[in-house]
Amino acid sequence: MVRSIRGAALAVLAAALTACSGQAGGDPAPGGTGMGGMNMGDPDAVPAEQVPGAEVAGGRFELLGTAPQGYQGVAGTAALARHGSGSTVTIELRGLKPGTRFISHVHEGRCEEGGVAHYKFDPAGGDMPPNEIHLAFVSTPEGTGYMTAENDKTAGPDARSVVVHPSEFTDNRIACAPLS
Ligand SMILES: [Cu+2]
C-alpha cells in the first residue's frame with residue numbers, strides 16, 4: 001500500500017501544485033510553465049542555515065487548530081535566508097504520516113493568525129512560483145520531511161511564516177513556523 005502511494009506520487013504531484021492556491025480547484029500551472037521550470041524545491045540545494053553571508057530568520061513548527069487527525073505529533077523547523085542571490089527556505093519536519101505528499105508555502109500572516117494568505121513577491125502577480133515560494137515533498141517511511149526552495153528575489157518583510165499542508169486537501173493547514 002505504501003509502495004503504491006509512493007509510486008503514484010510523481011504522477012499526481014501536479015495536483016499538489018494548486019494546493020492552497022487561494023482558489024480551491026483553481027487553474028493548474030500557467031501556460032508554458034512545465035514541471036521542470038516550476039521550482040517546488042530541491043532537497044539537494046544548500047539549506048538556508050548554510051548559505052554564506054545570509055540573514056537567516058526562522059523558528060519551530062507549531063500545530064494549528066486546523067490540523068487533520070493524525071498530525072498531533074508534528075514538529076520541526078523552518079528557516080528563511082535572505083542573501084545576495086535572493087532567498088532560500090528550508091523546512092524540516094517529523095511526526096508526519098509516512099509516504100505522504102505535502103505542500104508548504106511561505107505565507108504573509110503570522111502563525112497566530114493561521115498564516116493568512118501566501119506571500120507574493122509581486123502582490124499583483126500570480127499565485128505560483130516564482131512569484132510565491134512553494135515546497136513540495138513526500139514524507140519518508142519514518143514520517144520525516146525535508147525540502148529547500150530557492151528564489152532569485154529577496155523576500156520582503158511580509159514573508160512571515162511557513163505553513164505545511166497535506167496535498168490531499170486543497171487548503172488544510174497542519175502546522176506553521178514563524179520566519180521572524
Ligand atoms: Cu500554504
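This report covers the confidence, sheets and nonpolar core of a predicted model.

## Basis and confidence

Local features are described only where pLDDT is at least 70, side-chain atom pairs count only at pLDDT 80 or more, and totals for chains, interfaces and linings use all residues. Residues are numbered from 1 along each chain as its sequence is written.

The pLDDT, the predictor's confidence in each residue from 0 to 100, averages 85 over the chain. A score of at least 70 is reached by 79% of the residues. Residues 1–19 fall below 50, and this stretch has 28 contacts in the model beyond near neighbours in sequence. Residues 21–36 are also below 50, with 19 such contacts. A contact means two C-beta atoms, placed from the backbone, within 7 Å. Where pLDDT is low, the predicted coordinates should not be read in detail.

Strands here are DSSP runs (E, at least two residues), numbered from the N terminus. Two strands pair if DSSP finds at least two bridges between them.

Thr77 has Glu92 of β4 as its bridge partner.

## The five-stranded sheet

The other open sheet described here has 5 strands, ordered β2-β9-β8-β5-β6, again with antiparallel pairing. β2 and β6 are the edge strands, each pairing on one side only.

Follow the order from β2. β2 (residues 62–63) meets β9 (residues 175–178) through 2 bridges. Here Glu62 stands opposite Cys176, and Leu63 stands opposite Ala175. β9 then joins β8 (residues 161–166) by 4 bridges, with Val162 partnered by Ala177. Between β8 and β5 there are 6 bridges. Phe102 stands opposite Pro166 in that pairing. Finally, β5 and β6 share 5 bridges, and Ser104 stands opposite Leu135 of β6.

## Strand β5

β5 is mostly covered, with 7 of its 7 residues buried. Buried means that 20 or more other C-beta atoms lie within 10 Å of the residue's own, with C-beta atoms placed from the backbone; 12 or fewer is exposed, and anything in between is partly exposed.

In a regular strand the side chains alternate between the two faces of the sheet. Arg101, Ile103, His105 and His107 point one way from β5. Phe102, Ser104 and Val106 point the other way. Both sets are buried.

## The largest nonpolar core

A nonpolar core is a set of buried Ala, Val, Leu, Ile, Met, Phe, Trp, Tyr and Cys residues joined through C-beta atoms within 7 Å. The largest has 34 residues. Ala78, Leu80, Val89 and Val162 touch the most other members. β3, β4, β5 (101–107), β6 (134–138), β7, β8 and β9 each supply at least two residues. β3 gives the most, with 4.

Leu80 touches residues from several parts of the sequence: Ala48, Ala57, Gly58, Ser87, Val89, Ala155, Ala159 and Leu179, leaving out residues up to four places away. In soluble globular proteins, nonpolar side chains tend to be buried together.
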